[in-house]
Amino acid sequence: MNAEQSPPMPAPDAETVSRAVLTAAINGADALMFATLKGSDSAEALAATLMSAARHETMPAATRKALDGCFATGLSRLGRKVQPEAMRAFHTALNGWIRRLHTLPGSSTDELAERMTDGGGMWIIAPHSPYWPHQLDDLVTRKDWAPPLCLWGLGDPESLVCCDSPLAIVGSRAADDYGCTVAQELAAQAAADGHLVVSGGAMGIDAAAHLGALAAVPPGSGATIPPGRTVAVFAGGLHHIGPQRNRRLFERMRRQGGALISELCPDVIPESHRFLLRNRLIAALASSVVVAQARPRSGALNTARWASDLNRQLYAVPGSITSPRNAGCNSLIHTGMAMIISSMRCIDEICHTAHPPIDRTADGIASQDAAPDGGTPSTQPILDAIAACRRRHSPATADIILAELQAAGMSPGVEQVLAELARLELEGVIVRERTGYAVADG
């Protein structure tokens, strides 16, 4: 169902709101909270106990004993022993949870739901929701980082369950034209076959992957398989989605039935360590993970390690051995950690059989109103650079366009150029061809 045609998402139930409260208490992934919840009767009961404790200057002994029991029971249910050092870590964490809940206004489910959904502007889902992507549950196999307690989102939550085996495409923010072209083409083929494409919403490879999925059309005249969707996973709360240069991209993802998601409360700032935690979600959501381009020290390689730990199929795109941008992918292939992408037409090898997007429920949500434009770079110099390339019959790739701009006395960064090219492509001003960019007809 198209996101703009579907009814509004209902308000989250008490259990979902309680999971959001527990997320506010931990402010990030926390295996100790996951174990405590595992040993509790419900998230609603655990949240009520912690919020009650937060209203006392000193936690009552009976409350602490009950929470100790929940943690110990949870560890046992997870197949782990209750060691003294684990209890000490739990008590330290518990003090932090209580401290954070001191600042949480409101106590009724309705008040908390209003706050946690930004007045209804976002949705929240939990594991009992029909929209929950249960491949995230595989994260419980890692004792240090747990699955998310809930997910916040903008767009259509149905996109999270429209494909049984999504494809994740990740890579460098400062990718070159080669890396972006491969990412965009692979994403377009995957989405054309009905698959969900997952990435991180960043510049470079992430943006190229989302763009490719959005541009997908059913292959061949008369084909009946509708294009798949695309989801971006963010390292901070949804009040801080970015970069701003990708704002138009995010709006289009929502309009075309995709989603923007986070495991964090809306106001949480995307600090550097959160990106590494976010990567585990990208890897867990996917069945196959493609690293399109990466330097030796790269967040994409962190995603690759998560993919390997979670037994996902891992692929890497080879590149020139003289370019540091390709060193990370080449290393993944050399060590045998990743399989090589040897063709631009390999989707049948790395994805499951083509299929229409799965409709698991008749309910969806309406697309949110588009966010205001935060401003875009200048357009004309980009168009002039493309025209200059065409006049001398040279390919108008992103790298050559950047060189043209620098030769004209401008000093944009590669991310700025890629952002402007993405914006112009979204607006239909330019098109990507085999030999680079061209100004669209008409």
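Mentor: Axes here are lines fitted to C-alpha atoms, for helices over the stretch in contact, and angles run from 0 to 180 degrees between N-to-C directions. The model is predicted: local features need pLDDT of at least 70, side-chain atom pairs count only at pLDDT 80 or more, and totals for chains, interfaces and linings use all residues. Residues are numbered from 1 along each chain as its sequence is written, and side-chain values use heavy atoms, leaving out hydrogens and water.

Trainee: Why is α3 called roughly perpendicular to α5?

Mentor: Helix α3 (residues 43–54) packs against helix α5 (residues 84–101) at about 75 degrees, with axes 8 Å apart. Angles of 65 to 115 degrees count as roughly perpendicular (under 35 is roughly parallel, over 145 roughly antiparallel, the rest oblique), so α3 is roughly perpendicular to α5.

Trainee: Which residues make the contact?

Mentor: Contact means heavy atoms within 4.5 Å. From α3 come Leu50, Met51, Ala53 and Ala54, and from α5 Leu94, Trp97, Ile98 and Leu101. By class, this contact has 8 nonpolar, no polar and no charged residues.

Trainee: What makes Gln406 partly exposed?

Mentor: Buried means under 20% relative accessible area and exposed over 50%, with partly exposed in between (1.4 Å probe, protein chains only). Gln406 has 44%, so it is partly exposed. This residue lies in helix α15 (residues 398–407).

Trainee: And what does the side chain of Asn330 reach?

Mentor: Asn330, in helix α12 (residues 327–334), reaches the backbone nitrogen of Gly319 with its side chain at 3.1 Å. Leaving aside neighbours within four places in sequence, Asn330 is in contact with Pro318, Gly319, Ser320 and Ile321.

Definitions and conventions
Helix = DSSP H or I, 4+ residues; strand = E, 2+ residues; numbered from the N terminus. Nonpolar A, V, L, I, M, F, W, Y, C, P; charged D, E, K, R; others polar. Polar contact = N/O pair within 3.5 Å; in protein donor to acceptor, adjacent residues only side chain to side chain.
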